[in-house]
Amino acid sequence: MTDPDAGAREALRLIGPDPANWVPDREGIDHNVVVVGGGQTGCAFAFALRRAGIGKVSVIDAAVDGRAAGIWQTTARMTVLRTPKTLAGPECGIAALSFQAWFEARHGAEAYRAFERIPKQGWADYLAWYREFLGIAVRYGTRLDRIEPAFEPGGGCFRLHLNTGVETARKIIVATGFAGSGGIAAPAVLRDLPRGVWAHA
C-alpha cells in the first residue's frame, strides 16, 4: 500500500533536522514563547518557531481537544472555504506540507482539480494531519485568564495566569480568531492596542 505521507516525510528529511534551541535559558522563565490558540494559525506559528531554532514553545488552547479547537468543526457554517484553494496555507513554504499535496496523496490530482473551493471537512482533516504529522503538542483544556508584566526574576517577561496555574513567558502570540469568524477574539487586556500593531487573517 502506498504511503500517503512519503512525500511529506521526504521533504522534512531534505530540509534537515530542526535547529537546536539557540535562545539562552533564564532562571524563572518557563517558556520562550506561549502561543495562545491551537488552531491553524497557532500550529503554523509553532512549526515556524521550531524551524527558526526557538525552543521552549508551548501551545495552549481552552478547547477540550483538537476537534473542539478552532472554528472548522464548531462554529463555521459554510460547507466550503471562502478563500481560493491556491492561497498559501500553514505549510511555511514547504510544498509537500500543503493542503494540495496532502489531498492529492490521498485522492489524486484529478480529484483536487475537480473542486473550486476546499471542502470544510477536508480542511479540518488536513489541519488535524498537519498538527499530528509535525508533532505539534497542544495543551488542551488550558485557558489564559490574565497577562501581566513580570519584573522578577530577571524581568522582561510576562506572567500568564492560566486555569491550571501561573507560568512565565518571554513572548506571547495570541492566535485566537480572525475577523471572518464573527469577530477578532482578543483578550480584554489587548483590545485597546492600536490596530496598526495587530496582524490577522
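Predicted model: local features only at pLDDT ≥ 70, side-chain atom pairs only at ≥ 80, totals over all residues.
**Entry 1: helix α5**

With 10 of its 14 residues buried, α5 is largely enclosed by the rest of the structure. For element names I rely on DSSP runs numbered from the N terminus, helices being H or I with at least four residues and strands being E with at least two. Helix α5 covers residues 120-133 and reaches 20 Å from its first C-alpha to its last, close to the 20 Å expected at 1.5 Å a residue; that expected span is 1.5 Å times one less than the number of residues.

Leaving aside residues up to four places away in sequence, R131 touches C43, G66, I136, V138 and Y140. After α5 comes G135, with a positive phi near 65°.

**Entry 2: helix α3**

In α3, I find F99, W102 and F103 buried. Seen down the helix axis, the buried residues of α3 fall within an arc of 90°, so they line one face of the helix; the arc is that of the directions from the helix axis to the C-beta atoms. The cover over these buried residues includes α4 (109-113) and α5. The residue G108 follows α3 and has a positive phi, near 95°.

**Entry 3: the sheet**

In what order do the 6 strands of the open sheet stand? I read β3-β2-β1-β6-β5-β4, with mixed pairing, two strands being paired if DSSP finds at least two bridges between them. The edge strands are β3 (138-140) and β4 (144-150), each of which pairs on one side only. From one strand to the next the twist averages 45°, with axes fitted as lines to C-alpha atoms, for helices over the stretch in contact, and angles running from 0 to 180 degrees between N-to-C directions.

I followed β1 in detail, since 6 of its 6 residues are buried and it is largely enclosed by the rest of the structure. Strand β1 (residues 31-36) pairs with β6 (residues 165-174) in the parallel sense over 5 bridges, and β1 also pairs with β2 in the parallel sense, over 4 bridges. V33 stands opposite K171 in β6 and opposite V57 in β2, while V34 stands opposite I172 in β6. Helix α2 (residues 40-51) lies across β1, β2 (57-61), β3 and β6, and runs at about 160° to β1.

K56, in the loop between α2 and β2, has a positive phi of about 55° although it is not a glycine, and at 34% relative accessibility K56 counts as partly exposed. C92, in the loop between β2 and α3, has a positive phi near 55° and is partly exposed, with a relative accessible area of 38%.

**Entry 4: the whole chain**

I count 5 helices and 6 strands in the chain, following the pattern α-β-α-β-α-α-α-β-β-β-β along the sequence. The radius of gyration is 18 Å, close to the 17 Å that the globule rule gives for 201 residues, so the chain is as compact as a globular protein of that length; the radius is taken over C-alpha atoms, and the rule is 2.2 Å times the number of residues to the power 0.38. Along the principal axes, the C-alpha atoms fill a box of roughly 60 × 40 × 30 Å. Buried residues make up 38% of the 201 residues, and among contacts between residues at least 6 apart in sequence, 65% join residues at least 24 apart.

Technical notes: Residues numbered from 1 in each chain as written. Heavy atoms only, no water. Contact = heavy atoms within 4.5 Å. Buried < 20%, exposed > 50% of the residue type's maximum accessible area, 1.4 Å probe, protein only.
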